[in-house]
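Welcome! Take a moment to look over the sequence and the 3D view, and then follow the short tour below.

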Amino acid sequence: MTDDATTQHWRTRLLHPAATASKDFHALAPAVHRGSTVVFDRLADARDDWRGDAYSYGLYGTPTTRELALRIADLEGALASFVVPGGQAAIALVYLAHCRAGDHALVPESAYRPNRELSEKLLAGLGITVDAYDPLVGSGVAALIQPNTRLVWCESPGSITMEVQDVPAIVEAAHAAGVPVALDNTYAAGVLFDGFAHGVDISMQALTKYVGGHSDLLLGTVSVGTAEAYDRVGATHRLLGLSVSPDDCALALRGLETLAVRLDRLEATALEVARWLKAQPEVELVLHPALPDCPGHEVWRRDFTGSASVFSIVFRSDWSAARVTRFVEALRLFRLGFSWGGTHSLVMAYPPLPRAQRGYEGRLVRLNVGLEEPADLIADIHRALTEMS
Ligand SMILES: Cc1ncc(COP(=O)(O)O)c(C=O)c1O
């Protein structure tokens, strides 16, 4: 028997080739590393550990997934970031890293609906109680914190109804009670609002939206600002086995390269369309954080460095749900669909929302502007409005 690869059977050479290509390749695009098993030269080096820089198993990181995690951590000013299969997975990871049976958490009632459903349908069964609070409560959150509260969520602006939260006031109240604060920072793409500078312990985002940016991938990140959060989130991430595709991570890395120009353009287009809508007699409110109709607008002016592509409008009180439906179906450039943050404009109408206040009685429509020409988007809305009159 010989160990000379050139004389080995072709079946063996399929797995142990005689020649391999040089790895000395310096492309601008990051490499896509696929790998579950990591091999070691010495038994003493073999380890099963999600911490540290050494690679030990694909789930705990490959050069591609770690590159993305490092770039998001750098952008957000985090201690570290964990990449997960989507924004909803990131939300679940944060809950499960912090809450056990008998614990309590607080979530704004304007949070992304599946965040609230997770607590109602899954966490409740595990003995974890989650109470929804008015997103505009500010420091008043102190009165809602119980001895067993382990987590306070913020999401700013809130989903669909767009309330901008006073995150620093909520952080101050929660920290006074020793409770960590997690922020869904998806709207800000982790950059238009500096969560860690405003005191949060954890910042998650759905990379599905602005970082991916093209409606063709699902990914999320959980970024941590403290060593305690790092330990909790890292250990839970491993136990839940939240692995991600390196191909998706490579797409997200590519998305990062154009994030700034896309955000600039989306902000300008959204503002132009929102301001035009504000001048239309059919529209009662324009819930865009940079416009005064939006609850928490002053907080947005104080804390954010920009606005993004998604906002809502509320039609006049004489608009029926049927008329709202006809309007959204009359649009052509704005396609009917959930999600946001991509290159295409989208629209969605909502039934009365489950909020103690600001349910908007089925007269609310959410718009996400894309990279189309603003004048064409305005013409599309104008035509649809005209068809309604
Ligand atoms: C604010 C917010 N957070 C989280 C998510 C969940 O992200 P994903 O679709 O990647 O699970 C969404 C998705 O719409 C969202 O709008």
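In which helix does E76 lie? E76 belongs to helix α2. Keep in mind that this is a predicted model.

- Is E76 buried or exposed? Its relative accessibility is 5%, and buried means under 20%, so E76 counts as buried.
- Setting aside neighbours within four places in sequence, E76 is in contact with G190, D194, F196, S203, Q205, T221 and S223.
- With one of these residues, S203, there is also a link between side chains: a polar contact of 2.7 Å joins E76 and S203.

**How α2 packs against α7**

- Helix α2 covers residues 63–76 and helix α7 covers residues 246–278.
- These two helices pack at an angle of about 35°, and their axes are 8 Å apart.
- The crossing of α2 and α7 is left-handed.
- Which residues meet here? From α2 come T64, T65, E67, L68, R71, I72 and L75, and from α7 come P246, C249, A250, A252, L253 and L256.

**Aromatic rings**

- How many aromatic pairs does the structure hold? There are eleven aromatic pairs.
- One of them is W50 with Y230: the ring centres are 5.2 Å apart and the planes stand at 50°, so the pair is tilted.
- Why does this pair tie together parts that are 180 residues apart in sequence? It does so because W50 sits in the loop between α1 (10–15) and α2, while Y230 sits in helix α6 (residues 227–240).
- The two partners also have their own accessibility values: W50, at 14% relative accessibility, counts as buried, whereas Y230, at 21%, counts as partly exposed.
- Another aromatic pair is formed by W319 and F327, which are edge-to-face, with 6.2 Å from centre to centre and 80° between the planes.
- Both W319 and F327 are buried.
- Look for F82 as well: W50, F82 and Y230 form one aromatic cluster.

Terms used
Residues numbered from 1 in each chain as written. Predicted model: local features only at pLDDT ≥ 70, side-chain atom pairs only at ≥ 80, totals over all residues. Heavy atoms only, no water. Axes fitted to C-alpha atoms, helices over the stretch in contact; angles between N-to-C directions. Helix = DSSP H or I, 4+ residues; strand = E, 2+ residues; numbered from the N terminus. Left-handed = near helix turned anticlockwise from the far one by under 90°. Contact = heavy atoms within 4.5 Å. Phe/Tyr/Trp six-rings, centres within 6.5 Å; stacked < 30°, edge-to-face > 60°. Buried < 20%, exposed > 50% of the residue type's maximum accessible area, 1.4 Å probe, protein only. Polar contact = N/O pair within 3.5 Å; in protein donor to acceptor, adjacent residues only side chain to side chain.
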